[in-house]
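Look through the structure before reading on.

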Amino acid sequence: MKTKPWLAAAMAAALSASLLSGCSGADNGGNAASPAPGISASPAAPQKLRILSANVGGKTPEENEKFEAALSELTGMDVTLEKPAEGYDQKVLTALGSGEKYDLIEGSNLGVLDTFVEQGVVSDLTEFVESSAVLSDPKVIPAAEWEQLTDKDGRIVAVFSKFQGGTMPIVRKDWLDKLKLSEPQTLEDYYEVLKAFKEQDPDGNGKDDTYGLSTSGLYDIQGFMSAAGLKYRYVMEDGKRTIPYATDAAVPMYEWFAKLFKEGILDPNFVTNDTAKMRNLFLTDRVGMVTYWDAWVGMFNSLRQQQDPSTAFAAAALPPASGPDGERIMRRGDPDYWFVPANAEHPEAAKQFLEFWQTEPGIMLGSLGIEGEDYIKEGDSLKLTDIGKEHNMDHGVPFWYNENVKPPFGKLPGVQEAQDLVKAHASLELALPGWSDAEKIVQQYALEAMSGKRPTRSSGCARSCSPRS
Amino acid sequence: MTTMKRFGALYAMMIPVVLYFLVYAYYPLARGLQISFQDYRLMGTHPYTGWDNYRLVLQDASFLDAFVNTLLIGGGTLALGFAAPLAIALSLNEVLRSWFRKTAQMVLYLPHLLSWVVIGGMWIFLLSPDTGLVNVVLVKLGMSGPIHFLADAGWSRWMLILLVTWKDMGYNCILFLAGIVSISPSLYEAARMDGASRWQQMRDVTLPQLSGTMKVIFLLNTLGILRIFDPVFILRNPATASKVDVLMMYTFQRGILEMKIGPAAAASFLVVLLTFALTFAVRRLIRFDEV
Amino acid sequence: MGDRYDRLGWTNRTFDALNAGFLILLMLTMIIPFLNVLALAFSSGIASMQPDIVLIPKDFSTEGFVTVWSSLDLWRPLLNSTIVTLSGTALHVLLSSLAGYVFIHPHLPGRKLMISFILLTMMVPQEAVMIPLYVVNKDLHLINTLSVLVLSGLVSGFSILLMRNFFSAIPYEMAESAKIDGAGELRVFFTMYMRLAAAGLATVTLYEFVGRWNMLTPAVMYITDMAKITLQVALKSMIVDSAATSSSYLITTNVRMAGIVISVLPLIAVYPFVQRHFMKGILAGANKE
């Protein structure tokens, strides 16, 4: 056989060609060459809207498809909702960096929003928000809240997608009652309670297998650092940025934790725990206190209730330890928000959606889910289906601002009390450029001090990580 | 015969591969290189800024730390990740019962099937100071107290090296075994005629005959060591971050979390450059081209 | 091969015992994680969250599998993953072998240059080319097609170098004499080299198969059309747990582990077939004695 030099190439080319044509098929709109803007605005075809979301949408690909359809029907637009299964930050970055055009993008980090503003990615929504009858109504969104989404030039650059709560110490109320302890107020009270959880066998299984407290690294010790009046990340003092966790005032607090660690009251895995492990310890009677989100007070209770309807398990939120002047510091989470990219093809559709999202049909979709799938209407009352129960009334919006829309099923036990604490004490943490580098030093120092590996008095960090600017 | 006539068919066989690499490797590479010299804002213009991005990265203390960590962890992984599978392949080759060898091979391959998320989560449990199996055994054997392997900065690099080696052991071992399989049986026969023991056969026949495979595996491993990411991402925690954060962790942090695309691209190209230098050195050292 | 050694020798027997013991110990470290995943997958929700190493199911239950199965319409992702994995692996192995074969010719002009050309592609971290790569796929209209998943990593320097290594174990004179008899390069490649390097092919195929089956990032980045989603993405979308915001959705550990078991099962099912090829090579070697 004589060699045919071209054969190899031809063969490979043919193979890949057949493959390409075989698989490409229907190309979903929006990704290919961008359609002329005029066409999509024609009255006959419904307005198009392309959304990239992190939390809003269905829990599974199938459900997301239904969610998309429900959104389209409710808004009268042709909505595409893309919800990546993983690597959301990476997806957003790549999409924006390569000129992909979305009309709305969800975010949940104010530092990232600042970066987007800096890099010219977001459009100014000030005028839209101020003139919108829905969004400017303080009953829909309290006026003071907008400050969170205002950039340094005073422009509103995003709109809330839900009400974000805060984190606080969550305690086993049933253990407190069983050991006849009262709710701790000061750091000393907290110590007594945690020590009792460790030593007095609160779960009554006769084994020394309980811890007083568990955390996931420094997430979250704010409720205790509150006792010394210290707030996480940066605090501006006389126009200068300071890191309270890295000052000398923090040293006695780390010593307090080191004592807990040494006495076996603090979960020894606290450094390597992720939040899921911390939660699991709490759910399985291994630890009496963790710090976590308001919504989870209810989640904890309902999960154990589902498992065993007669359980004594009761989780309750606690106010942070009171500080020198009786003040308590609590962490509020960065808000979840929508922003309209500067290159959006259908900004008007996006704005229409933003209003819709704060009204009753939008809120019902974002919380309960899809009618007919997650819940059904029986006359005037609503009823959750099995799927709806599984999805916990959270399709991106577990809680919302709009006071005119009442939660149809109320809140899970303990959540309201927790949210009252958030409203009373919680404030945002201030992240400024350079925090990620500073955070590494602060965390390493704090974690070593907390596990007693570093003589805290040497104040190695107090000097090296306080910024001098 | 002219070159074209003699080798034309071979060149033609390379065409699809070359085309693919041009489109999917070299073009993106060139564009990436371009980005590393730009102020690459996510939207708007991308003005050229000369060497600014590179200067920024090279003057960044975190980059230097990451470089040192990468060298230590990468070097350790390279050495152990080469020696351990080789030892196991040789050991497997000495197993006479074929069912046992088959089973062992399959089992050793298992961790390769699971992602780092699963494997990492698993080892975090196994190494935990309170209920972790490893510490339970160590304390039973008379150690004074549990070691918190993953939270102790002194242990963190060693644990990474060990776990990376452990996970890929089965795969690299198969590569060595495939090499051993292709050694001509006549060589062993001749050695036995000369009265060589099992140990001598391994030393005088298997190892020298395996040198080609060893070179390839060593070179392939070298190419990867500066890009190690997944295991670090999963096993790091704030207490050990300063000891284990590697170069790719640095680019991840700068690029994806802080969205500084230009500096992140510059850092990536420094990694390419370093890999290039390292590969060149290794190629010379092991005389790879003479395989 | 029993007659290879003096099996009654005392040192030999000790060596065999030590050797086997060492391997068994090592195997245990590999089996424990697997048993743990299996046991957790078959435990009930709350029991699976107990922070201990579990090797047999606690409170046996299949609810994890039921949850995964009932919440996901898995047949389509399964089909997509199968298409992408099979066609991608086949093309990958073929193209990489072709290039590997080219490199065994010692007198080929430009050989070293071409090896360098390929080595360079292996040094580039994905992060460096993330955005340009997306642009390439976008310009080729490949976003939201299964082809993009086949094309991601269609050839790799890694496989090329491995195949070259396996091919170079075959005596080069065989190829030369075949060519003198008039056989073309492709014929020599397919009828001699692809057959004789069966163990090598099996190794590269196995590696690529596992890699493609587990491929996640390109599937997340380039596919947003639900009809073209792969198994890994479908499973991930259901078991991903966002703790960063106050989301109130809990994935119990048993569901997560059930997802892992479902995704790994096909790999374990395929392994014996590949290994048979691989063992054939070993046995062929042994029988020639």
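Q: How much space lies in the second largest cavity?
A: This is a predicted model, where local features need pLDDT of at least 70, side-chain atom pairs count only at pLDDT 80 or more, and totals for chains, interfaces and linings use all residues. Residues are numbered from 1 along each chain as its sequence is written, chains are lettered from A and ligands numbered from 1 in written order, and side-chain values use heavy atoms, without hydrogens and water. A cavity is a set of points, on a 1 Å grid over the protein atoms alone, where a 1.4 Å probe fits but cannot get out; points are joined across faces, edges and corners, and the volume is the space filled by probe spheres set on them. For the second largest cavity this gives about 160 Å³.

Q: Which helix supplies the largest share of the lining of the second largest cavity?
A: Lining residues have an atom within 4 Å of a point, and helices are DSSP runs (H or I, at least four residues) numbered from the N terminus. α13 (247–257) and α14 (261–286) of chain B and α5 (126–139) of chain C each give at least two lining residues. The largest share, six residues, comes from α5(C).

Q: How many residues of the lining of the second largest cavity are nonpolar?
A: The lining has 15 residues, with B:I261, B:A264, B:A265, C:E127 and C:M130 nearest the centre. Ala, Val, Leu, Ile, Met, Phe, Trp, Tyr, Cys and Pro count as nonpolar. Three lining residues are polar, one is charged, and the nonpolar ones number 11.

Definitions and conventions
1 Å grid on protein atoms, 1.4 Å probe; cavity = no way out; pocket = protein on both sides within 12 Å on 5 of 7 lines; lining within 4 Å.
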